[in-house]
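Try each task before you read its solution.

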Amino acid sequence: MLQYPNLHNSLRTTLAGSTVRIDEEGASTAAVKRWRLKSRRAFTVVMANEGVNVGFNGSAYHPTPWPVMNVTLGQIVIIHVINNDTVQAHGFQVIHYFDSGILGGLAPGKCYDVKFSANLAGSFAIQCNISCSIHILMQSGRLNINP
Ligand SMILES: [Cu+2]
């Protein structure tokens, strides 16, 4: 039974305007359910060998580290990786969180979503982990997980 309809509507409004996700947690019974709110941070990394995005999001034209992604401990992190290079594959690896990298690299024109829960604070390198002609421009990405 809904005892606090105004509170409920307020929560609905809050949820509708944000990017939180609700995860069911633990055992539930007919009477009691526990919910945990997890917020998300989404980023896009474009890999390219021409135009404004050369490297990772134009890392060719920026001082390192680049790009820098800042999140808060406990958030769900989604990195949309897009390879706009028309001729070659590029790698994408996040130290600790995605050590394997995209297997075989990401082929030209392809996309890949890297998703994980930020459960360890620190600063983690993001880099290309396969051989490519602009490899040196793709070694200085950063993911900062802040407490
Ligand atoms: Cu490379």
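Helices (H or I, at least four residues) and strands (E, at least two) are DSSP runs, numbered from the N terminus. This is a predicted model, where local features need pLDDT of at least 70, side-chain atom pairs count only at pLDDT 80 or more, and totals for chains, interfaces and linings use all residues. Residues are numbered from 1 along each chain as its sequence is written.

**Exercise 1.** Find the loop that holds Pro108, then decide whether Pro108 is buried, partly exposed or exposed.

*Solution.* Start with the position: Pro108 lies in the loop between strand S7 (93-94) and strand S8 (111-117). Next, recall the cut-offs: a residue is buried if 20 or more other C-beta atoms, placed from the backbone, lie within 10 Å of its own, exposed if 12 or fewer, and partly exposed in between. Pro108 has 15 C-beta neighbours inside 10 Å, so Pro108 counts as partly exposed.

**Exercise 2.** Which residues is Pro108 in contact with, leaving aside neighbours within four places in sequence?

*Solution.* Two residues are in contact if their C-beta atoms, placed from the backbone, lie within 7 Å. With that rule, the partners of Pro108 are Asn83, Asp85, Thr86, Val87, Gln88 and Ala89. As a further check, take Ala89, 19 residues apart from Pro108 along the chain: their C-alpha atoms are separated by 5.5 Å.

**Exercise 3.** Describe the secondary structure of the chain.

*Solution.* Then read from the N terminus: the order is α-β-β-β-β-β-β-β-β-β-β.
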